[in-house]
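Me: I've got a structure open and I'd like to go through it piece by piece. Can you take my questions as they come?

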Amino acid sequence: MEDYSIFKEINEDADTLNRHVLIIKTLLHEQPLGIIKISQQTGIPEHKIRYSLRILERDGIIEASREGAILTSTFLDRRDEILKYGKDVIDKIESIYNDIKNILESK
């Protein structure tokens, strides 16, 4: 399917978010983990793992340890808040989709 300009950026952001979530999921099962091990377990290239770890660390989701990345207790303690925020974002995107669907179907 062709990338349409109004959706291209959010589609790329969704891919990045999916990668972040996969890394979090991997760390929930085994931590600490380094870049190479995360890459091997997820199939994600190391340079993309490195980028995601920087973002996740900046956002307080992970922290570095001598042995590798670990999830922060703050992230784990804020589970309900994080899920609510994620749901709000999904609802906003769904509303935008419904708006454009209604516009295009009315023509």
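This is a predicted model: local features need pLDDT of at least 70, side-chain atom pairs count only at pLDDT 80 or more; totals for chains, interfaces and linings use all residues.

Me: Where is Pro32 found?

Reply: The peptide bond from Gln31 to Pro32 is cis, with omega near 0°. As for its place, Pro32 sits in the loop between α1 and α2 (35–42).

Me: In what order do the elements of the chain run?

Reply: There are 5 helices and 2 strands in the chain. Read from the N terminus on, they go α-α-α-β-β-α-α.

Me: Is Thr26 buried or exposed?

Reply: Thr26 belongs to helix α1. Leaving out residues up to four places away in sequence, Thr26 touches Leu33, Gln41 and Thr42 (contact means heavy atoms within 4.5 Å). The cut-offs are under 20% relative accessible area for buried, over 50% for exposed, and partly exposed in between, with a 1.4 Å probe and protein chains only. Thr26 has a relative accessible area of 9%, so Thr26 is buried.

Me: What radius of gyration does the chain have?

Reply: The C-alpha atoms fill a box of roughly 60 × 30 × 20 Å along the principal axes. The radius of gyration is taken over C-alpha atoms, and the globule rule is 2.2 Å times the number of residues to the power 0.38. A compact globule of 107 residues would come out near 13 Å, but the chain has 17 Å.

Me: Which element gives the most to the lining of the largest pocket?

Reply: On a 1 Å grid over the protein atoms alone, a pocket is an open set of points where a 1.4 Å probe fits, with protein on both sides within 12 Å along at least five of seven lines; lining residues have an atom within 4 Å of a point. The largest pocket has a volume of about 1,300 Å³, a volume being the space filled by probe spheres set on the points, which are joined across faces, edges and corners. Of its 34 lining residues, the closest to the centre are Leu17, Val21, Tyr85, Gly86 and Val89. With 12 residues, the top contributor to the lining is α1.

Key. Residues are numbered from 1 along each chain as its sequence is written. Side-chain values use heavy atoms; hydrogens and water are left out. Helices (H or I, at least four residues) and strands (E, at least two) are DSSP runs, numbered from the N terminus.
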